[in-house]
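Q: I'd like to learn how to read a model like this one. Can we go through it feature by feature?

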Amino acid sequence: IIQSNTKHKVIITGTYGLAKYLSDYYGATNLKGIRSGTHLYYLELDDATNADIFINCEHNGSQQVILFDRFFNLWKYKYKKYIINISSRAAQPNISKGFMYASEKAALNHYTNNTVYNSDKLCRVTTLNLGLMAHKTLPSVSYLDVLKTINWLIHSTMEIPEITIQHRANYQQVQYDKSHL
């Protein structure tokens, strides 16, 4: 999904949940060249070149790592480009019982950290690790919380390689309550 406003042109992957919320906020339309049915993304080079910000939101196995790699290699020497990977607090060891999901998010974080700390990149890259999000009954991060964080990141002049946001409720209690739903 791509959007354009007076300051930034943003590409966002995903079509529901957080991705839809962000796309609606940014006034997004579908990006030509993304095939969401098979979750294989083929970007038109002009779309990726003309955008300023890539929000790598949709989780589908290892596709986020592949998409990050594509954008990073296109943008790494472009000072005004910005990649924001939407990851999860579950990427940390001993947190999530969803082992495959946690491993896929950990792979995204690990690969991203390698590019941030071991390359001569010029673009900005941030991994945004989200705690439990938009849960109907448990304390969780809202889409608005995520949007505000992304807007803060976009307008910041700092390099912020990784940030975790979560509800302030006790994590162990939330996990206990979650397991008893």
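Q: What is the relative accessible area of Tyr21?

A: Under 20% counts as buried, over 50% as exposed, and in between as partly exposed (1.4 Å probe, protein chains only). Tyr21 comes out at 29%, so it's partly exposed. Tyr143, at 26%, is partly exposed too. Keep in mind that this is a predicted model: local features need pLDDT of at least 70, side-chain atom pairs count only at pLDDT 80 or more, and totals for chains, interfaces and linings use all residues. Residues are numbered from 1 along each chain as its sequence is written, and side-chain values use heavy atoms, leaving out hydrogens and water.

Q: How many aromatic pairs does the structure hold?

A: Phe, Tyr and Trp rings (six-membered ring for Trp) pair if their centres lie within 6.5 Å; planes under 30 degrees apart are stacked, over 60 edge-to-face, the rest tilted. Here you'll find five pairs. In one of them, Tyr21 and Tyr143 have ring centres 5.5 Å apart and planes at 40°, so that pair is tilted. It joins distant parts of the chain, with Tyr21 in helix H1 (residues 18-26) and Tyr143 in helix H5 (residues 143-155), 122 residues apart. Elsewhere, Phe54, Phe71 and Trp75 form a cluster linked by ring pairs.

Q: What lies over the face of Tyr82?

A: A charge sits over a ring if NZ of Lys or CZ of Arg is within 6 Å of the ring centre and within 35 degrees of the ring normal. For Tyr82 it's Arg124, 3.9 Å from the ring centre.

Terms used: Helices (H or I, at least four residues) and strands (E, at least two) are DSSP runs, numbered from the N terminus.
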